There are 2 protein chains.
Amino acid sequence: MKQVAIVGVGLIGGSIGACLRENRLCERVVGVGRNLERLRLARKAGLIDAVETDLPKAVAGSELAVVCTPVETIARFSITALESANSCVVTDAGSTKQTIVEQICQQLSSQPERLKRFIGSHPIAGSEQSGFEAARRDLFKDRLVIMTPTQETAAASTDLAKRFWESLGAQTVLQSPADHDRTLASISHLPHLIASALAASTPPEHLPFASVGWGDTTRVASGDVELWRQIVRQNRQPLADALRGFQAAVQEIMTAIESGDDQTLVRILQQGKTNRDSLGN
Amino acid sequence: MKQVAIVGVGLIGGSIGACLRENRLCERVVGVGRNLERLRLARKAGLIDAVETDLPKAVAGSELAVVCTPVETIARFSITALESANSCVVTDAGSTKQTIVEQICQQLSSQPERLKRFIGSHPIAGSEQSGFEAARRDLFKDRLVIMTPTQETAAASTDLAKRFWESLGAQTVLQSPADHDRTLASISHLPHLIASALAASTPPEHLPFASVGWGDTTRVASGDVELWRQIVRQNRQPLADALRGFQAAVQEIMTAIESGDDQTLVRILQQGKTNRDSLGN
């Protein structure tokens with residue numbers, strides 16, 4: 001590819017840029033954003049080649065645009081990108097898919113030619129940090145990217161995005177937007193809320209005693225509050241379902257503790273260990 | 001000190017031995033256990049100087065005995081140790097204190113001279129691993145050790161144990177056994193049960209998508225099931241109280257999600273982030 005536009009140069013966008021540049025996967029990486037000063041710092045940090053505040057202009061010269069902004073703005077920027085060029089494939093990196101894909105499909109329902117070039121993506125990578133300062137060129141290495149083509153998506157767009165993510169070292173898998181959101185509720189959004197609930201409900205007088213275990217279990221609660229508010233807001237139903245399953249397990253433990261039912265306790269501890277051990281370190 | 005006896009040479013006992021030997025903090029470290037073969041392997045790994053299956057014999061020649069077995073056997077071994085010698089100070093490394101201290105004080109209530117030499121301890125250090133193979137000589141560096149002297153404990157015993165833990169690089173703090181158990185319920189035992197509940201309730205079809213966030217949040221669920229059954233069993237009431245506080249926070253999040261109450265959601269996310277950030281990385 002000659003040019004890739006990264007819309008939103010934060011942890012994810014910056015890491016994409018770093019990897020593209022490091023491995024010379026395209027001739028030019030254009031970082032798109034509102035804050036010219038931040039964009040220039042990202043360029044200075046070696047994450048992008050060029051800076052641009054005008055999205056249509058950046059997209060016009062690109063074969064691929066990757067929208068890496070907070071989830072509530074992804075649909076809007078993707079639509080602008082699709083409307084600004086006639087050949088640029090547009091994808092994103094949002095942690096939710098159903099709402100975003102629906103918004104784009106609805107607003108462009110009368111322009112199926114433009115919808116052919118949109119393919120939703122979500123690289124399952126990141127950290128509790130945010131901002132391009134935390135970007136890492138190996139962020140996507142051996143990670144999974146879930147791609148969510150719709151009936152409108154052209155096979156060529158899916159192929160291009162697939163090759164793009166794989167060039168960053170990731171593996172790709174296709175799911176429906178709804179399946180993606182259920183999966184992510186379970187393995188990412190629910191853990192985040194649990195970590196937040198645990199960290200928030202720990203009595204202040206006990207915090208000075210917190211050690212490695214509490215620190216691991218609550219690590220993701222350090223994540224950016226506004227980014228996570230948007231994610232939770234966009235994935236309400238699957239997240240409520242996942243929360244209910246978790247609450248049932250907690251209640252089972254509570255009942256086992258109160259009634260001295262070691263058998264149930266051991267069964268849950270063992271199932272948890274088996275599932276956790278299957279992931280490795 | 002001339003000789004320290006370590007009763008139970010696993011992760012904790014092995015790490016104590018490694019640190020004592022590395023820094024030449026005593027002339028001889030005796031590892032006490034039932035399994036001679038495992039003890040010999042621990043000696044070969046450089047964690048102890050000598051092996052002994054006869055607890056009274058090991059204690060008789062020691063100034064300090066540290067009982068590092070699973071919590072349900074700590075009281076029994078501590079009592080044997082206290083009865084086997086007339087000058088050896090006995091402490092432990094158990095994650096619970098109230099039950100252990102009560103059992104020892106009750107059984108030795110007619111021998112207050114022996115009780116003077118017992119001082120409960122809990123180094124807040126460890127990992128999801130177990131066994132002496134995971135021992136590390138820096139396990140206690142900059143960690144907190146909660147010590148729980150009773151009215152029966154001699155000041156000289158507390159002093160000796162305090163100097164012992166500090167020589168391993170730890171800081172010490174005194175609490176009542178009941179306060180210790182409430183603190184640990186909140187910062188260690190509750191996180192463990194939450195991690196287990198999350199790992200156990202994650203649908204199997206979603207596990208292949210689990211990434212860093214799920215992995216961090218569930219890490220401690222890999223811990224030894226039997227060790228944790230015993231800890232939970234010994235700390236039922238404080239743990240049930242901590243669980244209720246956590247359940248309330250989860251229910252508040254659930255209600256906020258279902259009613260679209262972003263204000264409450266943001267308040268909890270922000271409180272969780274503030275508490276987590278206060279710990280550092």
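**Reading the pairing of chains A and B**

Modeller: Chain B can be laid on chain A with an RMSD of 0.0 Å by a turn of 180 degrees and a shift of 0.0 Å along the axis, the copies being superposed by least squares on the C-alpha atoms of residues with pLDDT of at least 70 in both. The two copies are thus related as by a two-fold rotation axis. This is a predicted model, in which local features need pLDDT of at least 70 and side-chain atom pairs count only at 80 or more, while totals for chains, interfaces and linings use all residues. Residues are numbered from 1 along each chain as its sequence is written, with chains lettered from A and ligands numbered from 1 in the order in which they are written.

Biologist: Which C-alpha in chain B is nearest the axis?

Modeller: In general, two copies of a chain are related by a rotation about an axis and a shift along it. Here the nearest C-alpha of chain B belongs to Thr217(B), 2.0 Å from the axis.

Biologist: How many residues of chain B are in contact with chain A?

Modeller: Contact means that C-beta atoms, placed from the backbone, lie within 7 Å; by that rule 70 residues of chain B touch 70 residues of chain A. H8(B) gives the largest share of that side of chain B, 15 residues. Of the interface residues of chain B, 100% are also interface residues in chain A, so the copies meet through the same surface.

Biologist: Where is the kink in H8(B) centred?

Modeller: A bend is the angle between axes fitted to the seven residues ending at a residue and the seven starting there; in H8(B) the kink, of about 50 degrees, is centred on Ala185(B).

Notes
Two residues are in contact if their C-beta atoms, placed from the backbone, lie within 7 Å. Helices (H or I, at least four residues) and strands (E, at least two) are DSSP runs, numbered from the N terminus.
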